[in-house]
Amino acid sequence: MKRTTLMLAVGTLAAAGFTGQAWAQVKEQFVPASFYWVGPYAPGGSGIAGGMLDYFKMLNTRDGGINGVKLTWEKCETEYNNARGVECYERLKKKGPTGATLIHPLSTGITYSLIEKGTTDKIPIVSVGYGRTDAADGRVFPYIFPIITTYWSQNTAKIKFMGQKMGGMDKLKGAKIVNLYHGSAYGKETIPVLDAQAKQYGFQVTHIEVSHPGNEQQAQWLQIRQIKPDWVILRGWGVMNPTALKAAQRAGYPREKIIGVWWSGAEEDVIPAGDAAKGYIAAGFNVSGSNYPVVQDIQKHVYAKGQGEMEDKSRVGSIYYNRGVVFGMITTEAVRKAQERYGKGQPMTGEQVRWGLENLNMDEAYLKNLGATGFMQPLKMSCADHEGGGQVKFQQWDGKQWKVISDWISSDQKLVRPMIEASAAQYAKEKGITPRDCSKEK
Amino acid sequence: MFYREAGQFKSSYAEDQQIFPIRQDRIGITALLLVVFVAVPLLGDQYWLSAIFTPLLIFALAALGLNILTGYAGQLSLGTAAFMAVGAFMAYNFMLRLPWLGVIPSFILAGLCAAAVGVVFGLPSLRIKGFYLAVATLACQFFVLWAIQRWGWITNYSASGVITAQKMVILGFPFDTPALKYLLTLSIVTLLALLAKNLMRSETGRAFMAVRDMDVAAEVIGIRMMHTKLLAFAISSFYCGVAGAMYAFCYLGTVEPEAFTLDLSFRVLFMIIIGGTGSILGSFIGAAFITLLPIFLNVMFGGISHLLGVEIPHAVISNLELIIFGALIIFFLIVEPHGLARLWQIAKEKLRLWPFPH
Amino acid sequence: MNVAFFFEVLIGGLLAGVMYSLVALGFVLIYKASGVFNFAQGAMVFFAALTFISLVERGLNFWLALVVTLAVMVVLGIAIEKVVLRPLVNQPPITLFMATIGLTFVLEGLSQLVWGSQPHGLELGIQDVPMEWLSQSTGINISQFDIFAAGVAGLLVAVLALFFQYTRIGRALRAVADDHQAALSVGIPLKHIWAIVWSVAGFVALVAGLMWGARNGVQYALTFIALKALPVLILGGFESVLGAIVGGLIIGASEKLAEVYIGPMVGGGIESWFAYVVALLFLLVRPQGLFGEKIIDRV
Amino acid sequence: MSARAHPVGEVVLSVENVSLSFGGVKALQGITFDVREHEVRAIIGPNGAGKSSMLNVINGVYHPQQGTIKLRGREFHDMNSHEAAKMGIARTFQNIALFKGMSVLDNIMTGRNLKMRCNFLQQALWIGPARREEMAHRRAVEEVIDFMEIQHIRKTPVGKLAYGLQKRVELARALAAEPTLLLLDEPMAGMNLEEKQDMCRFVLDVNDHFGTTIVLIEHDMGVVMDISDRVVVLDYGKKIGDGTPDQIRTNQAVIDAYLGVAH
């Protein structure tokens with residue numbers, strides 16, 4: 001009995017050693033999947049993880065990977081906790097034939113912790129729709145990619161949307177806006193941009209903080225009721241979102257006047273609020289729905305074979321899930337781009353993928369090819385611009401699902417970009433970094 | 001058979017009061033120090049150094065700090081993370097505003113700031129005991145985090161409240177690789193652990209334990225209650241503060257106030273309960289147990305699903321990890337309420353007598 | 001100062017305090033009977049509410065789901081007594097406290113393992129909207145749900161009071177709370193009592209879970225409401241049901257008034273710590289809480 | 001009693017008109033008595049007479065509502081424990097108040113805390129002065145250990161000791177402080193005859209060797225009459241007798257209180 005166990009153990013070890021050996025020859029592109037499946041933010045973590053990994057699976061079955069290079073991954077639970085996130089990163093960064101392709105930390109805190117590590121290890125840190133805003137300046141942050149739309153950009157798009165709704169930007173003059181934010185780094189981040197815009201357009205902004213976790217907001221909404229604002233910006237996270245909507249209902253504030261950020265705009269943020277959520281508007285850099293070709297391909301190639309990540313199949317096509325698909329597409333397309341330069345059909349290193357990311361240009365035609373027209377916005381990255389998109393769509397909850405109510409609304413880069421560059425320059429100064437000269441990059 | 005003190009006679013009280021009175025222990029600890037100071041940095045790869053050993057040592061230091069307060073002086077505190085936060089953010093400020101100070105003095109000053117905060121929030125301990133005090137320390141936990149987010153000066157007016165640790169250069173020598181950061185952490189932790197051990201076997205340590213075991217009797221034999229309790233808060237917070245500074249500088253590199261939530265306070269409390277209250281060694285064992293167990297479970301489940309060839313949904317794995325983590329805590333509390341350090345002690349006693357049963 | 005607004009804040013705060021009291025009650029029951037500071041109360045609230053809503057969503061009738069959930073909570077109470085408390089009997093309070101933190105992890109993992117981690121909406125049939133007639137006549141907005149919650153809390157306290165006063169088990173429970181040793185010596189089986197009191201606490205957790213779940217949705221964050229109950233506990237005293245209610249009202253009202261009137265002066269968001277500071281200052285005057293028993297050191 | 005090395009001298013402690021109550025319970029009512037240098041003074045009385053409360057007032061654990069305490073010419077309204085210790089008062093408790101988590105040696109070492117001068121930094125560094133101080137006090141403590149004949153249990157945690165030994169360790173801890181006034185609260189309660197004899201011997205030796213003034217509460221009349229110089233009798237918080245053992249033996253009020261005469 002004992003001997004068999006021992007032999008089994010030896011056999012396992014040998015097998016493990018063998019697979020380690022085998023890596024060097026196989027054409028695989030390894031992507032760490034460090035997300036969170038437990039805790040208060042599990043709906044977001046598990047949905048995004050599911051979307052991204054299902055997209056990889058679909059690509060592996062449908063196309064046999066990226067030019068024949070199969071995608072592989074390993075999951076790691078971060079619990080949305082910095083220390084765990086760093087451990088996951090360190091554990092997974094050398095896996096696969098070329099090490100980690102890039103990593104989605106899926107937490108602003110973890111992203112911050114990985115900025116230096118990623119730069120040293122030459123592994124791109126990709127934070128799609130979160131993370132450090134000023135890292136959009138690729139000259140100072142060569143390996144950090146806050147792709148698509150930063151919080152600052154998003155915020156200017158929101159103001160633009162409000163202006164449109166009011167019938168022109170000049171109508172914002174004298175308007176009152178309340179910024180209801182989560183008491184955290186994430187929540188506070190848009191305050192400077194809002195203040196700058198308030199000056200520009202002449203509206204009045206009041207910042208009201210909700211302390212973590214945000215399951216009590218009576219006092220805040222009483223204040224809002226006193227102010228009687230034209231708009232309320234909801235910068236929430238987790239339980240703060242449904243609580244805000246409920247509290248708005250209790251205070252008699254119309255939900256059509258509340259505009260959330262994309263971390264306040266998933267099904268999971270409104271369903272718990274029940275009827276109170278009806279009419280609420282949220283920004284998004286991706287939309288919900290499963291009738292896009294890319295999602296249908298996932299259904300066909302993955303779920304039809306019973307290999308999907310989501311236990312609850314109704315979540316396929318939800319906001320978080322589709323966001324994960326966007327994560328997946330950005331990942332694979334960066335690799336594809338890198339292969340164009342460094343060798344088709346070869347696994348790419350982190351450094352090569354960084355080049356791929358910086359030269360990524362996903363225009364409408366490209367998106368159509370991916371089956372993602374309207375699913376996500378066109379992206380054009382560059383050495384200096386690690387954001388690439390900067391557009392937002394607005395969607396409204398009708399009690400059952402999110403309805404898109406606007407086209408892509410672009411942000412005010414004239415305002416945001418100088419702020420990003422100033423902030424990045426300060427970081428560079430503090431850390432003694434000499435920014436890259438992008439004209440010399442190929 | 002090989003582990004016993006027969007034949008080792010003490011001829012002075014000084015010898016009797018050594019930290020490791022038994023020769024075999026002294027050999028063991030020397031070997032251990034050689035391994036961690038020489039072999040680990042030489043052989044360990046980046047993953048082990050920067051993701052396992054360094055945080056483990058930092059958490060051990062925080063646990064040691066809490067152990068001084070809770071384990072030795074008997075004052076239950078849930079504010080550990082707040083003291084760490086003070087240390088982290090003040091170290092950043094000292095380095096930023098007084099760059100000529102140097103890394104180590106900045107750490108020490110940051111620790112002293114944490115100690116000052118500790119004393120202020122330790123004042124209620126003069127009137128309040130037990131769980132009431134524990135809940136009262138939550139006031140500290142929440143207030144400090146709030147203040148850090150609120151007072152822009154502390155984060156140098158960063159919009160998000162996140163700070164980036166400066167480069168560490170000591171005497172012109174940069175500590176920038178995982179191995180060097182590990183060595184720096186190890187040196188500080190070893191030194192502070194030694195100081196704590198000395199302190200705990202001296203008058204101060206005895207006063208702490210006296211206050212813990214029976215405060216009325218302690219007062220009657222002349223131990224000053226206020227002085228002793230506040231000193232315990234100060235020393236404990238100092239340790240936590242230094243641990244916080246290292247958490248920012250030697251480990252993560254950037255920190256946000258949310259890194260120091262109540263969760264972290266609880267985690268450190270776990271470490272001392274599982275490791276052993278009132279034991280320096282226990283702080284280390286506890287830190288190792290609490291930091292390594294979730295990682296071990298995560299890796300193990302990954303291995304199991306790989307072996308079986310079936311893919312277990314990750315949500316199941318993550319939740320199982322949580323359940324096993326909780327169950328193991330309960331299990332160890334039942335098996336040895338005095339912590340793993342006590343198990344180690346019992347094992348040593350058994351070993352001393354081995355192979356004779358009594 | 002706008003008087004109507006002041007009263008709106010005050011009344012709103014008092015009613016929010018009732019919601020805190022609901023959670024605090026569970027802590028008090030267990031502390032009174034077994035001297036255990038049950039950190040898992042928050043997780044129990046989550047577990048109960050999630051079990052209930054999942055059953056309802058799977059098509060069970062409201063009342064049937066309620067009964068089944070209650071049964072589950074009773075089983076849980078018995079299991080906790082057998083597996084966790086009994087082996088730890090006579091251990092210092094901090095050890096038991098730590099065990100309940102371990103229990104928190106188990107419960108959180110278990111509930112999400114069984115029912116998943118998706119948030120759910122919960123409708124109790126009472127709309128969380130301001131009462132029209134009141135806001136029209138006085139300009140004060142009070143949600144009818146808050147009144148309902150206050151009623152439920154009152155009813156719960158009444159039921160508990162009757163249970164403790166008039167049932168055999170209740171009397172035994174009170175005896176145990178007064179003196180464990182004495183209760184043992186007159187033949188009250190401590191183990192059964194503990195299982196019962198944990199079950200009762202499970203019932204209270206279910207009620208709190210339904211109330212909070214109806215307000216903010218049933219999701220993991222329900223576990224956080226324990227943090228709202230802690231200052232209530234130290235203010236009211238760990239051992240007093242009345243203290244939990246009065247403490248809740250004081251904390252709720254002072255917290256909201258502070259956030260509205262002091263908050264803007266210091267940058268807002270003070271709710272996270274204000275309640276604790278109020279409780280702390282209060283403790284400095286009365287170290288045993290509002291209704292706790294005075295401690296005399298005997299030597 | 002043979003000629004004493006330290007003959008009874010001046011009054012060192014006088015308790016004047018002390019009253020103490022807890023809520024409605026009057027524990028002490030207008031108690032007045034004094035203690036002379038080098039004497040063994042006993043306080044006796046039935047259960048609940050207020051004996052322990054009296055000791056607690058003397059060394060500042062309880063704070064009386066009324067009355068004063070004069071110690072070596074200094075007058076206190078209410079004593080605080082730390083001050084009392086500094087003025088040379090040490091004591092033992094009725095229900096042993098040892099530090100359960102510590103070894104015998106450490107327990108006794110705490111008795112010397114007031115004599116230690118090094119600050120915590122020196123102690124942490126374990127440098128010269130702190131180390132020398134620790135050793136010096138260890139030597140002093142070893143003398144107490146020898147005196148109390150507890151060498152064999154030096155390193156044992158006190159929680160593991162038998163009751164009689166714990167009482168002895170507690171006395172040792174008090175002695176380590178080199179007190180001039182020692183308060184003993186039922187040092188022989190719960191002991192068997194042999195242990196009692198040992199304890200009697202220790203008490204008398206302490207008085208004899210170090211000249212320590214002793215105030216002691218004891219139930220065993222035989223012991224009290226044997227070893228004390230003067231006796232105070234309390235009943236229901238009031239003083240009902242005060243004098244030499246012989247005087248007390250014949251005091252009618254005392255006899256009534258002990259025999260339970262109907263009032």
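Colleague: How many bridges join strand S9 (residues 281-284) of chain A to S12(A), and do these strands run parallel or antiparallel?

Modeller: Two strands pair if DSSP finds at least two bridges between them. Strands here are DSSP runs of E with at least two residues, helices are runs of H or I with at least four, and both are numbered from the N terminus. S9(A) and S12(A) are joined by four bridges and run antiparallel. Within this pairing, Gly284(A) has Lys393(A) of S12(A) as its bridge partner. As to conventions, residues are numbered from 1 along each chain as its sequence is written, while chains are lettered from A and ligands numbered from 1 in the order in which they are written. The model is predicted, with local features needing pLDDT of at least 70 and side-chain atom pairs counting only at pLDDT 80 or more, whereas totals for chains, interfaces and linings use all residues.

Colleague: Is S12(A) mostly covered or mostly open?

Modeller: A residue is called buried if 20 or more other C-beta atoms lie within 10 Å of its own, exposed if 12 or fewer do, and partly exposed in between, with C-beta atoms placed from the backbone. By that count, six of the seven residues of S12(A), residues 391-397, are buried. For chain A as a whole, buried residues make up 62% of 442.

Colleague: How does the overall fold of chain A read: how many helices and strands are there?

Modeller: Chain A has 15 helices and 14 strands. Its radius of gyration, taken over C-alpha atoms, is 22 Å, close to the 22 Å given by the globule rule for 442 residues, so chain A is as compact as a globular protein of that length. The rule is 2.2 Å times the number of residues to the power 0.38. The C-alpha trace spans about 75 × 55 × 40 Å along its principal axes.

Colleague: Into which domains is chain A divided?

Modeller: Domain bounds come from an automatic or database domain assignment. Here they give domain 1 (27-149 + 288-380) and domain 2 (152-284 + 394-413), with centres 28 Å apart over C-alpha atoms.

Colleague: How many residues do chain A and chain B give to their contact?

Modeller: Chain A gives 29 residues and chain B gives 28. On the chain A side, H3(A) gives the most, with six residues. By class, that side has 10 nonpolar, seven polar and 12 charged residues, where Ala, Val, Leu, Ile, Met, Phe, Trp, Tyr, Cys and Pro count as nonpolar, Asp, Glu, Lys and Arg as charged, and the others, Gly among them, as polar.

Colleague: Which elements cover the buried residues of H3(A)?

Modeller: In H3(A), 11 of 11 residues are buried, among them Arg84(A), Glu87(A) and Tyr89(A). The cover includes strand S1 (28-35), S2 and H4 of chain A, together with helix H3 (46-72), helix H10 (225-252) and helix H12 (280-308) of chain B.

Colleague: Which element supplies the largest share of the side of chain A that touches chain C?

Modeller: The contact pairs 35 residues of chain A with 35 residues of chain C, and H9(A) supplies the largest share of the chain A side, six residues. That side comprises 15 nonpolar, 14 polar and six charged residues.

Colleague: Where in chain A does pLDDT stay under 50?

Modeller: pLDDT is the predictor's confidence in each residue, from 0 to 100. Where it is low, the predicted coordinates should not be read in detail. Chain A averages 90, and 94% of its residues score at least 70. Residues 1-24 of chain A stay under 50, and the model has four contacts beyond four places in sequence for them.

Terms used:
Contact = placed C-beta atoms within 7 Å.
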